[in-house]
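Hi there,

Here is the structure I promised to pass on to you. Have a look at it first, and then read on for what turned up.

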Amino acid sequence: MLVLNDDLSDFARAIVRGEEPSSRVVTSYQNYSVAIAIEVYRNNYRGNLHDTLAGAYPVIEQLVGKDFFRLLTRQFIGQYFSRSGNLHHYGAEMAGFIAAFEPAQGLVYLPDVAALEWACHCAYFAEDAATLDIGKLAQVPPEQYPDLILHIHPACHLVRSRYPITAIWHAHQPGASGDFHIDLDSGASNALISRKNDVVVVSALTEGDAAWLQGIQAGTSLGEATATTLEHYPDFNLQTALLKLVAQNVLANFNLGAAP
Amino acid sequence: MNNRQILSAAIGSLLALGLVSNASAAGKKMDMEQCYGVAKTGHNDCSSNKSAHSCAGQATKDRDAEDFVAVPKGTCAKIAGGTLKSA
């Protein structure tokens, strides 16, 4: 028995995978054969996903150029189907895809830049959260400070890379001069992505700050995260880190004791 | 300074900033209606009718059929060492 679901699956396979549509798929446009109508539809499908990826990965597109980016997205689209009605969810696997994409193997930093861009993309659409309530913090007795569990804002991400991805990202933002020269050997970078007043901000963290933030992100208490960080990074300055992270809207809330 | 003193000093400096932070938090609430205004090009703003435009521009057959030699030709040339190392 034929059911609507089978017809839709047939149609979807023709669009998404490029398979031959079954004879049950018909077109109401007299001037088009089914094959041509499917091709037009398919091209729109892929064109929209290409634009979606170009919107999420504008730095990657600039780095490799439009033609190469089109080739890259075409292969990505063939491999990863859109699985959500919300196009903003499409493209999450790009960093891993680029890492395995043979023609891009020479650009070793590209997967990390893609991870940074996806973090920015997610930060932009992340839910909102109240900023750290300083008045509430003032009511915590100092002897309980070590037990504080700090919550990270949903828009906050940390992307750590062996390459200077923060500098690469900034060199490709609207308004940047375009006149830059980046030495790939200039060192690792800890990119902090946060959102403040609806604008996504990317800044660089020191190794110590990044290690501390990772501990906090993992739900470690303030006292423990700080002690562990100081063990590995004696230069870590909690005061500087806290002021910077609060200014970047990274800390959202807190509770005392075990993580919720 | 022991750990406890470090925490007290650091949180103390946050508390000192309290008034400033709360003022900017209030400012943020005022900005909420900008949500639609701040969507820049490249941010996939669905309300911009962008998808409709892309459909109109691509009402053709599959134009990706031809293959070409895949060589990145963007700004990656300005990143020294970027093409010399292999993963």
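Ser203(A) is buried, with a relative accessible area of 12%; buried means under 20% relative accessible area, exposed over 50%, and partly exposed in between, using a 1.4 Å probe and protein chains only. You will find Ser203(A) in strand E5 (residues 199-205) of chain A. Helices (H or I, at least four residues) and strands (E, at least two) are DSSP runs, numbered from the N terminus. The side chain of Ser203(A) is joined to that of Gln248(A) by a polar contact of 2.7 Å. A polar contact here is a pair of N or O atoms within 3.5 Å; within protein, one must be able to donate a hydrogen and the other to accept it, and residues adjacent in sequence count only if both atoms are side-chain atoms.

A word on how to read all this. This is a predicted model, in which local features need pLDDT of at least 70 and side-chain atom pairs count only at pLDDT 80 or more, while totals for chains, interfaces and linings use all residues. Residues are numbered from 1 along each chain as its sequence is written, chains are lettered from A and ligands numbered from 1 in the order in which they are written, and side-chain values use heavy atoms, with hydrogens and water left out.

Next, the charged pairs. Side chains of opposite charge can pair when their charged atoms come close. Over all chains, the structure holds five salt bridges, each being a side-chain nitrogen of Lys or Arg within 4 Å of a carboxyl oxygen of Asp or Glu. In one of them, Arg13(A) pairs with Asp10(A), and the closest N and O atoms are 2.8 Å apart. Both residues belong to helix H1 (residues 4-16) of chain A, three residues apart, which is about one turn of the helix. Arg13(A) is partly exposed at 34% relative accessible area, whereas Asp10(A) is buried at 14%.

Glu61(A) and Lys66(A) also meet through their side chains in a salt bridge, at 3.5 Å from N to O. Here Glu61(A) is buried, with a relative accessible area of 12%, and Lys66(A) is exposed, with 60%.

Another salt bridge, again 3.5 Å from N to O, brings together the side chains of Arg195(A) and Asp128(A). This pair links distant parts of the chain, 67 residues apart: Arg195(A) sits in strand E4 (residues 189-196) of chain A, and Asp128(A) in the loop between helix H6 (110-125) and helix H7 (134-138). Arg195(A) is buried, with a relative accessible area of 6%, while Asp128(A) counts as partly exposed at 33%. Salt bridges that share partners also join Asp10(A), Arg13(A) and Glu19(A) into one network.

Now to the nonpolar cores. A nonpolar core is a set of buried Ala, Val, Leu, Ile, Met, Phe, Trp, Tyr and Cys residues joined through side-chain atoms within 4.5 Å. The largest has 58 residues, and those with the most contacts inside it include Tyr57(A), Met94(A), Tyr109(A) and Ile193(A). Helix H6(A) gives the most to this core, with nine residues.

Chain B has three helices and one strand, following the pattern α-α-α-β along the sequence. Of its 87 residues, 23% are buried. In H1(B), the buried residues are Ile6(B), Leu7(B), Ala10(B), Ile11(B), Ser13(B) and Leu14(B). Seen down the axis of H1(B), these buried residues fall within an arc of 150°, so they line one face of the helix; the arc is that of the directions from the helix axis to the C-beta atoms.

Lastly, two residues in loops of chain A. Asn197(A) has a positive phi of about 50° although it is not a glycine, and lies in the loop between E4 and E5. Asn249(A), also not a glycine, has a positive phi of about 65° and is placed in the loop between helix H11 (238-247) and strand E6 (251-256). Asn197(A) is partly exposed at 31% relative accessible area, but Asn249(A) counts as buried at 6%.
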